[in-house]
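The following report describes one protein chain. Please consult the sequence and the structure alongside the text.

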Amino acid sequence: MMGEGHEKNDTSARPDETASFSADFAATLQSLSAHPSLSPEQASAIAALPSGSALLIVQRGPNTGARFLLDTDEESAGRHPNADIFLDDVTVSRKHAVFLRHGTAFEVKDLGSLNGTYYNGVRIDRQELQDGAEVQIGKYILTFFQSRHDLPAEGR
């Protein structure tokens, strides 16, 4: 119910919502919009990643849409409550995998999990991650997105 003196379309209390972006940022957003599973907010988050970081987005699993920032040299993934990437499902081992950063490159390493870690559908022990790759940990499928600053020019 609107109170007296309040108009439905009153924008005087809102800050200026107009934003401008560089041509590079706009081109990055445009290239990300081609990825069918990304929302505009996710594409914007990926485009804004600083060099040396990456983002994992849950595509399937109990937390679909959840995002995990990779911005340190080691990020643990598992069902243990202290895991950096907490994946709460019985198909995930307590200490399932670890994501490792080497400069601006990333890799995933399975930690001897019962159900294994998969990279683009293939079970792996250790694998360098490529932009857009799918990593499966238990019933979770996460897509890896590297900072646009760290991609080769043809990958941008």
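Predicted model: local features only at pLDDT ≥ 70, side-chain atom pairs only at ≥ 80, totals over all residues.

Strands E6 and E9 run antiparallel and are joined by 3 bridges. Glu107 stands opposite Glu128 in E9.

## Overall composition

The protein chain contains 2 helices and 11 strands. Read from the N terminus, the order of elements is α-α-β-β-β-β-β-β-β-β-β-β-β.

Of its 156 residues, 37% count as buried. The accessible surface comes to about 9400 Å², and carbon and sulfur atoms contribute 49% of this area. Among contacts in the chain with a separation of 6 or more, 37% involve residues 24 or more positions apart.

In soluble globular proteins, nonpolar side chains tend to be buried together. Here the largest nonpolar core has 22 residues, and those with the most contacts inside it are Leu56, Leu70, Ile85, Phe99, Leu129 and Ile137. Elements giving two or more residues to this core include strand E1 (54-60), strand E5 (97-102), strand E6 (105-110) and strand E11 (140-146). A second, separate core of 6 residues includes Ile46, Leu55, Ile57 and Phe145.

## Surroundings of Phe99

Leaving aside residues up to four places away in sequence, Phe99 touches Leu56, Leu70, Ala77, Ile85, Val108, Leu129, Val135 and Ile137, among others. Its contacts also include Asp73, Glu74, Glu75 and Glu107.

Methods: Residues numbered from 1 in each chain as written. Heavy atoms only, no water. Helix = DSSP H or I, 4+ residues; strand = E, 2+ residues; numbered from the N terminus. Buried < 20%, exposed > 50% of the residue type's maximum accessible area, 1.4 Å probe, protein only. Contact = heavy atoms within 4.5 Å. Areas by Shrake-Rupley, 256 points an atom, 1.4 Å probe, with all protein chains shown as cover. Core = buried A, V, L, I, M, F, W, Y, C linked by side-chain atoms within 4.5 Å. Pairing = 2+ DSSP bridges.
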